Amino acid sequence: MNRVACLYALLALFSPALYAAPVTYTIAPEKTSIGLSWRAFGHDFSQATLQGVTGTVTLNRDEERDDHIDVTIPVATLVASNRLLTWQLKSDLFFDAEHYPQIHFVSSRVASMGGADYRIFGLLTVKDVSRPVVMLATLDSGQAFDPASDSLALHASTAISRTAFRVDRLVGVVDDRVNIALTIAAEVKRPLSSPLISSR
């Protein structure tokens, strides 16, 4: 009887239903983009997009501490509504892409809000300044995370103070608040199965 009890205890200990493994998705750059928007001259809205986003999204349906998001954004891919604004944003007036070619975000916590909604806490680095930010994210599926799925799509948003990141030129013309909208698509990179080797 004791042996049977021990066997059940071991099965429960190693049961994948009780201890689900985290799933890591690799961001698909061609399907991912970052949108920036801000108010200029007191009433006009300006916009810009960034592409070429890379990174990973790791989620565990049963263990929040395994959740992790790491995103790198190349400033060189920034495109605004016209050539002059694109040049200004990449120049040392704003992002200074020559000296600071990447924007980086890494999460410290991903909290499920129920269903498809999440609150993402993390550190955003722009230029040489890192500040905590909080993002609101929703899975495009409209349902809770499914670890069996090979793909993941989500939208996230936040707002930052640009001057807090030393993007502080033209403050009399361009508002301090910058809205950030992320569209992220990612896929699981499954290991290729090894061919069977027959022995003679």
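This is a predicted model: local features need pLDDT of at least 70, side-chain atom pairs count only at pLDDT 80 or more; totals for chains, interfaces and linings use all residues.
Tutor: Residues are numbered from 1 along each chain as its sequence is written, and side-chain values use heavy atoms, with hydrogens and water left out.

Student: Why is the pair Asp128 and Arg166 called a salt bridge?

Tutor: A salt bridge needs a side-chain nitrogen of Lys or Arg within 4 Å of a carboxyl oxygen of Asp or Glu. Another of them joins Arg65 to Glu63, with the closest N and O atoms 3.7 Å apart.

Student: What does the pair Asp128 and Arg166 tie together?

Tutor: Asp128 lies in the loop between β8 (117-126) and β9 (129-139), and Arg166 in the loop between β10 (151-161) and β11 (177-188), so the pair ties together parts that are 38 residues apart in sequence. Strands here are DSSP runs (E, at least two residues), numbered from the N terminus.

Student: Why does Arg65 count as exposed, and Glu63 as partly exposed?

Tutor: Buried means under 20% relative accessible area, exposed over 50%, and partly exposed in between (1.4 Å probe, protein chains only). Arg65 has 71% relative accessibility, so Arg65 is exposed. Glu63 has 32%, so Glu63 is partly exposed.

Student: How do you know that Arg162 has no salt bridge?

Tutor: Lys and Arg count as positive and Asp and Glu as negative, while His and the chain ends are not counted. For Arg162, which is buried, the nearest side chain of opposite charge is Asp176, 4.9 Å away. The place of Arg162 is in the loop between β10 and β11.

Student: What does the side chain of Arg162 reach?

Tutor: It reaches the backbone oxygen of Val174 at 3.0 Å. Arg162 also touches residues including Phe94, Leu170 and Val178, where contact means heavy atoms within 4.5 Å.

Student: What makes β8 and β9 a pair of strands?

Tutor: Two strands pair if DSSP finds at least two bridges between them. Tyr118 stands opposite Ala137 in β9. These strands form a hairpin with two residues between them, and Lys127 in the turn has a positive phi of about 55 degrees.

Conventions. Helices (H or I, at least four residues) and strands (E, at least two) are DSSP runs, numbered from the N terminus. A polar contact is a pair of N or O atoms within 3.5 Å; within protein, one must be able to donate a hydrogen and the other to accept it, and residues adjacent in sequence count only if both atoms are side-chain atoms. Lists of a residue's contacts leave out its neighbours within four places in sequence.
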